[in-house]
Amino acid sequence: MAFKRELVEAWVASQAPGERLLGSIAAGTWTPMQVTATYGGSGWTSGMRADDVQFKGDDVMSRRIAEFGADPSKSVAPFASTTFYVLTDRRLLLGSRSSVRNRPKDLLHAAPADLVAVYWFDIRETGGNVFRHLLVDFGDGFWRRDRTGLAVLGKRLATTDDADAFFAALGPRAREIPAAL
């Protein structure tokens, strides 16, 4: 779920005075509901194969993190499940989100924008849901995994526009990695 731009701008003004907002994206580490069977089938489950029912993106990301050689002790805010990223003209900021009102909350980590790399891949999961998985290397030894929704039941989400703008602002700091193992 995306934030209103005014909320992000106000948060940036309070957390990073004098910095200019270039893009933002809502993310999280929650595990979505998994559909394993339906009575009588439905339009969105009828074409699924058995291997579509699992959430493969999380497995792929776990393997990519192992390949990356990330130190588990340097995982940023591993228990924060609803987050967002803000790219300013100077830094990448990671913040928590209020789960009740979906508003920016606390600053969890910040790193100079020129040191950051965001490795990503998109993957279709159960029922036409599409997620963009992120492995954020803050450039200071710290890292975080997240994902953002791009489509639900095959329908493009409004947050997709935020994701597109955020990744455009990242430019070459955004590095696509293979989703296939």
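User: Is Arg 147 buried or exposed, and what is its relative accessible area?

Analyst: Arg 147 has a relative accessible area of 3% in this predicted model. Buried means under 20%, so Arg 147 is buried.

User: Which strand is Arg 147 in?

Analyst: Arg 147 belongs to strand 7, which covers residues 143–152.

User: Which side chain does the Arg 147 side chain make a polar contact with?

Analyst: The partner is the side chain of Asp 58, at 2.8 Å.

User: And which ring does the charged end of Arg 147 sit over?

Analyst: That of Phe 131, with the charged end 4.8 Å from the ring centre.

User: Switching to the packing. How many residues are in the largest nonpolar core?

Analyst: The largest nonpolar core has 21 residues. Tyr 85, Leu 92, Phe 138, Phe 166 and Phe 167 have the most contacts inside it.

User: Which elements supply at least two residues each?

Analyst: Strand 1 (21–28), strand 2 (82–88), strand 3 (91–97), strand 5 (117–124), strand 6 (130–137) and helix 3 (159–170). Helix 3 gives the most, with 4 residues.

User: What about the second core?

Analyst: The second core is separate and has 11 residues, including Val 60, Ile 65, Ala 117 and Trp 143.

User: How many aromatic pairs does the structure hold?

Analyst: There are 4 aromatic pairs. In one of them, Trp 11 with Phe 84, the ring centres are 4.8 Å apart and the planes are at 70°, so this pair is edge-to-face.

User: Where in the chain are Trp 11 and Phe 84?

Analyst: Trp 11 is in helix 1 (residues 5–15) and Phe 84 is in strand 2. The two are 73 residues apart, and the pair links distant parts of the chain.

User: Are those two buried or exposed?

Analyst: Both Trp 11 and Phe 84 are buried.

User: Which residues form the aromatic cluster?

Analyst: Trp 120, Phe 166 and Phe 167 form one cluster. Phe 166 and Phe 167 are also among the residues with the most contacts inside the largest core.

User: Last topic, confidence. What is the mean pLDDT of the chain?

Analyst: The mean is 84, and 83% of the residues reach 70 or more.

User: Where does pLDDT stay under 50?

Analyst: Over residues 32–54. For that stretch the model has 27 contacts beyond four places in sequence.

Key:
Residues numbered from 1 in each chain as written. Predicted model: local features only at pLDDT ≥ 70, side-chain atom pairs only at ≥ 80, totals over all residues. Heavy atoms only, no water. pLDDT = per-residue confidence, 0-100. Contact = heavy atoms within 4.5 Å. Core = buried A, V, L, I, M, F, W, Y, C linked by side-chain atoms within 4.5 Å. Buried < 20%, exposed > 50% of the residue type's maximum accessible area, 1.4 Å probe, protein only. Phe/Tyr/Trp six-rings, centres within 6.5 Å; stacked < 30°, edge-to-face > 60°. Lys NZ or Arg CZ within 6 Å of the ring centre and 35° of its normal. Polar contact = N/O pair within 3.5 Å; in protein donor to acceptor, adjacent residues only side chain to side chain.
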